[in-house]
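Trainee: I have a model open and would like to learn how to read it. Could you walk me through it, feature by feature?

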Amino acid sequence: MATTVTAPLERQCGQLQGLSQMTSTSSSGNSVVVLQFNLNLDLDIAEEEVQSAINAAQSFFAREPALSADL
C-alpha cells in the first residue's frame, strides 16, 4: 500500500497550496493520508484541490490484474 497508493497520494497532495502538514500511515489493505491546511485557506478551495490531487494520483495507482472468466 505504501508504494502503490500512499506514495502517489503524498506526491500529489504535497504540492497543494496552503498545506501546513501531511501525515500518512499504510498497512495491509489500508492507506490513510491526513492533510492539514492553513486556517486562512478557503475550505471550498482546499476541497477542490484535494479532489484534483486524488484524481491525478489515480493514474499512478497499481492496477490489479483482471480476473479471468475461465475458472
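Trainee: Which strands pair here, and in what sense?

Mentor: Two strands pair if DSSP finds at least two bridges between them. Strands (E, at least two residues) and helices (H or I, at least four) are DSSP runs, numbered from the N terminus. In this predicted model, strand E1 (residues 19-27) and strand E2 (residues 30-37) are antiparallel partners with 8 bridges. Ser26 has Ser31 in E2 as its bridge partner. The hairpin of E1 and E2 has 2 residues between the strands, and Gly29 there takes a positive phi near 85 degrees.

Trainee: What pattern does the protein chain follow along the sequence?

Mentor: The pattern is α-β-β-α, made of 2 helices and 2 strands.

Trainee: How is the numbering done, and which parts of the model count?

Mentor: Residues are numbered from 1 along each chain as its sequence is written. In this predicted model local features need pLDDT of at least 70, side-chain atom pairs count only at pLDDT 80 or more, totals for chains, interfaces and linings use all residues, and side-chain values use heavy atoms, with hydrogens and water left out.

Trainee: What is the mean pLDDT of the protein chain?

Mentor: pLDDT is the predictor's confidence in each residue, from 0 to 100. The mean for the protein chain is 86, and 86% of its residues reach 70 or more. Among the elements, E1 has the highest mean (95) and helix H1 (residues 2-13) the lowest (90).

Trainee: Which residues of H1 are buried?

Mentor: Buried means under 20% relative accessible area, exposed over 50%, and partly exposed in between (1.4 Å probe, protein chains only). An α-helix has 3.6 residues a turn, so residues three or four places apart point the same way. In H1, the buried residues are Val5, Thr6, Ala7, Pro8, Leu9 and Cys13. Their cover includes E1, E2 and H2. Across the protein chain, 20% of the 71 residues count as buried.

Trainee: What does Gln12 touch?

Mentor: Contact means heavy atoms within 4.5 Å. Gln12 lies in H1 and touches Ala53, Ala56, Ala57 and Phe60, leaving aside residues up to four places away in sequence. Its C-alpha is 8.8 Å from that of Ser52, 40 residues apart in sequence.

Trainee: How far is Glu49 from the nearest side chain of opposite charge?

Mentor: Lys and Arg count as positive and Asp and Glu as negative; His and the chain ends are not counted. A salt bridge is a side-chain nitrogen of Lys or Arg within 4 Å of a carboxyl oxygen of Asp or Glu. Glu49, in helix H2 (residues 43-58), is buried yet has no salt bridge, and the nearest opposite charge, on Arg11, is 17 Å away. Glu49 touches Leu16 and Gln17, again not counting residues up to four places away in sequence.
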